[in-house]
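Please look at the sequence and the model first, and then read on.

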Amino acid sequence: MLKLTNPLDYPVAVLVGGLSLFVGVRLGGLPSPVVLPVAAGITMVGASFLKSREPEYLALDNPELEREINAVKVSALALANQANELRLQAKKLLTDSFQIELLAGLESSCDRAVELPGKIDTLVWNISGNNSLLSVDKLQQQLQEVKQKRQSSSGVSKQHWQELADSLQRNIKLAKEGEDTRLARIINISTLIQDSAGLLQRLQTTLRTSDLHDSEQINGMILLSDELSSLSENIDLLVRK
């Protein structure tokens with residue numbers, strides 16, 4: 001749906017309207033009172049169309065937050081591309097070696113990574129505007145969920161959940177003090193994306209260099225896959241409104 005806008009903000013639309021006026025009057029021989037409303041209409045429609053092609057303005061009022069959001073969008077797209085590469089590589093190598101359990105785990109984590117850019121876009125809209133800040137109650141609910149997952153985890157996965165719990169506790173403190181927690185939230189997501197990218201790279205390298213019939217090497221990749229899954233769950237929790 002096109003929205004009305006000021007045509008003076010869009011010189012191209014004004015130019016097209018002016019040309020239509022010139023063609024109608026000078027070349028078509030039509031009277032100005034007839035052509036003028038048509039030219040004005042063309043200008044308005046053109047300006048509205050150009051406006052509709054622009055990205056919507058985000059009411060963030062925080063340049064640092066905007067920079068971090070742009071950076072995390074780029075990182076999420078890069079992660080999605082990396083995950084697609086890993087999924088293709090894993091499907092070929094692990095199917096041939098009948099490592100179905102490892103393949104299933106990797107494909108699940110890769111699917112989450114591929115969906116991440118869309119989830120980031122949704123999050124950005126949710127955190128813009130006047131009702132964008134997570135309440136203390138919402139943050140505490142997230143913290144309780146993280147603590148429950150931490151209790152049922154072990155090893156590196158438990159460490160990830162502990163780090164996320166520490167981060168949420170800091171955000172709760174900021175929220176209670178009336179501070180904007182959005183920047184901390186985006187930075188947390190960015191850190192988890194970078195950690196996930198590192199794991200994806202390790203998995204790609206390991207897949208290329210390992211003996212896929214060696215149970216010890218396969219178990220090592222399963223541990224990496226589980227760690228990647230844990231990070232994916234962390235990210236999913238943070239991108240939820």
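Is the crossing of H3 and H4 left-handed or right-handed? The crossing of H3 and H4 is left-handed, a term used where the near helix is turned anticlockwise from the far one by less than a right angle, right-handed being the clockwise case.

## Basis and confidence

This is a predicted model, in which local features need pLDDT of at least 70 and side-chain atom pairs count only at pLDDT 80 or more, while totals for chains, interfaces and linings use all residues. Residues are numbered from 1 along each chain as its sequence is written, and side-chain values use heavy atoms, with hydrogens and water left out.

The chain averages a pLDDT (the predictor's confidence in each residue, from 0 to 100) of 79, and 76% of the residues score at least 70.

Helix H3 covers residues 63-96, and its 34 residues should span 50 Å at 1.5 Å a residue, which agrees with the 50 Å between its end C-alpha atoms; the expected span is 1.5 Å times one less than the number of residues. Just after H3, Phe98 takes a positive phi of about 60 degrees.

H3 and H4 pack at an angle of about 160 degrees with their axes 8 Å apart, where axes are lines fitted to C-alpha atoms over the stretch in contact and angles run from 0 to 180 degrees between N-to-C directions. The two helices are therefore roughly antiparallel to each other, the word for angles over 145 degrees, whereas those under 35 degrees count as roughly parallel. The contact of H3 with H4 has 20 nonpolar, two polar and six charged residues; Ala, Val, Leu, Ile, Met, Phe, Trp, Tyr, Cys and Pro count as nonpolar, Asp, Glu, Lys and Arg as charged, and the others, Gly among them, as polar.

## Helices H4 and H8

Helix H4 (residues 100-126) also packs with helix H8 (residues 215-239), at an angle of about 20 degrees and with the axes 9 Å apart. That makes H4 roughly parallel to H8, and the crossing of this pair is left-handed. Residues in contact (heavy atoms within 4.5 Å) include Leu102, Leu106 and Arg112 in H4 and Ile218, Met221 and Glu233 in H8.

## Helices H5 and H6

The axes of helix H5 (residues 136-151) and helix H6 (residues 155-176) come within 9 Å and cross at roughly 165 degrees. H5 is thus roughly antiparallel to H6, and H5 passes H6 in a left-handed crossing.

How values were computed:
Helix = DSSP H or I, 4+ residues; strand = E, 2+ residues; numbered from the N terminus. Parallel < 35°, antiparallel > 145°, perpendicular 65-115°, else oblique.
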